[in-house]
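Open the model in your viewer and keep the selection tool ready. We will go from stop to stop.

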Amino acid sequence: MPSAVVSSQGAVAVLRFGRFAAMGTVAVLILIAGVWASWGTAHHVMLTKGRERGTVEVTRCGADTCSGPYTPISAGSQPRGSVVIEKSVAVRKGQTYTVVVKPGSDDVVRSGPAGVLYAWVPLGGALLLASVVVAGGLRRTRVAWLLAGSGIALLTAAFVTV
């Protein structure tokens with residue numbers, strides 16, 4: 001074989017490995033960011049042992065938050081005149097929601113299946129975004145379909161439950 005062909009094949013192999021490494025790193029970072037963004041709320045909802053649990057009846061809503069009186073359900077939890085819950089499409093004035101109080105504050109997050117699924121919505125978006133990177137950059141279509149299907153399933157379950 002001529003040496004030009006051998007060096008050309010080597011360059012192609014190096015470029016292919018570089019693309020694989022770069023796109024793999026991007027996909028992993030997207031997934032880590034999705035877990036990181038979700039875990040900020042999810043750990044309050046999923047690890048409820050020892051946390052204050054109760055209900056909040058939403059009486060007021062502002063631009064970003066809603067508030068209302070808190071009624072305890074768990075032992076040791078104290079009633080509060082007003083707690084704050086993040087305003088979203090899942091929170092409406094006049095409704096009552098089961099919640100978990102964030103330690104050391106008057107902020108609450110939804111609990112139960114709806115709260116768990118809603119907390120993991122950022123991961124669902126990250127799965128969808130990572131599927132595009134995996135399909136286009138890594139050319140792994142089966143893995144990309146698996147990631148996209150998981151993201152769609154998570155987002156759909158959150159939408160239906162909330």
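A salt bridge is a side-chain nitrogen of Lys or Arg within 4 Å of a carboxyl oxygen of Asp or Glu. Keep that in mind, and remember that this is a predicted model.

**Stop 1: the charged network**

Select arginine 80 and aspartate 106. Their side chains meet in a salt bridge, at 2.9 Å from N to O. Arginine 80 sits in strand β4, while aspartate 106 is in the loop between β5 and β6, 26 residues apart.

Glutamate 52 lies in the loop between α1 and β1, 28 residues from arginine 80. Glutamate 52 counts as partly exposed, because its relative accessibility is 22%. Show the three side chains together: Glu52, Arg80 and Asp106 are linked in a network of salt bridges. The count of salt bridges comes to two.

**Stop 2: the strands**

Select residues 53-57 and 96-101. These are strands β1 and β5, an antiparallel pair with five bridges. Look for glutamate 57, which stands opposite threonine 96 in β5.

Which residue in β6 is the bridge partner of valine 100? Pick valine 109. Then follow the hairpin of β5 and β6, with five residues between the strands. Stop at glycine 104, where phi is positive, near 75 degrees.

**Stop 3: the nonpolar cores**

Select Ile30, Trp120, Leu123, Val134 and Leu147. They have the most contacts inside the largest nonpolar core, which has 15 residues. The elements giving two or more residues to this core are α1 (3-46), α3 (121-138) and α4 (141-161). Helix α3 gives the largest share, seven residues.

Zoom in on tryptophan 120. Leaving aside neighbours within four places in sequence, its contacts are Val35, Ser38, Trp39, Ala42, Met46 and Leu154.

**Last stop: serine 38**

Go to helix α1 and pick serine 38. Serine 38 is buried, because its relative accessible area is 0%. Beyond residues up to four places away in sequence, serine 38 touches Ala119, Trp120, Val121, Pro122 and Leu123.

Conventions:
Residues are numbered from 1 along each chain as its sequence is written. This is a predicted model: local features need pLDDT of at least 70, side-chain atom pairs count only at pLDDT 80 or more; totals for chains, interfaces and linings use all residues. Side-chain values use heavy atoms; hydrogens and water are left out. Two strands pair if DSSP finds at least two bridges between them. Helices (H or I, at least four residues) and strands (E, at least two) are DSSP runs, numbered from the N terminus. A nonpolar core is a set of buried Ala, Val, Leu, Ile, Met, Phe, Trp, Tyr and Cys residues joined through side-chain atoms within 4.5 Å. Buried means under 20% relative accessible area, exposed over 50%, partly exposed in between (1.4 Å probe, protein chains only). Contact means heavy atoms within 4.5 Å.
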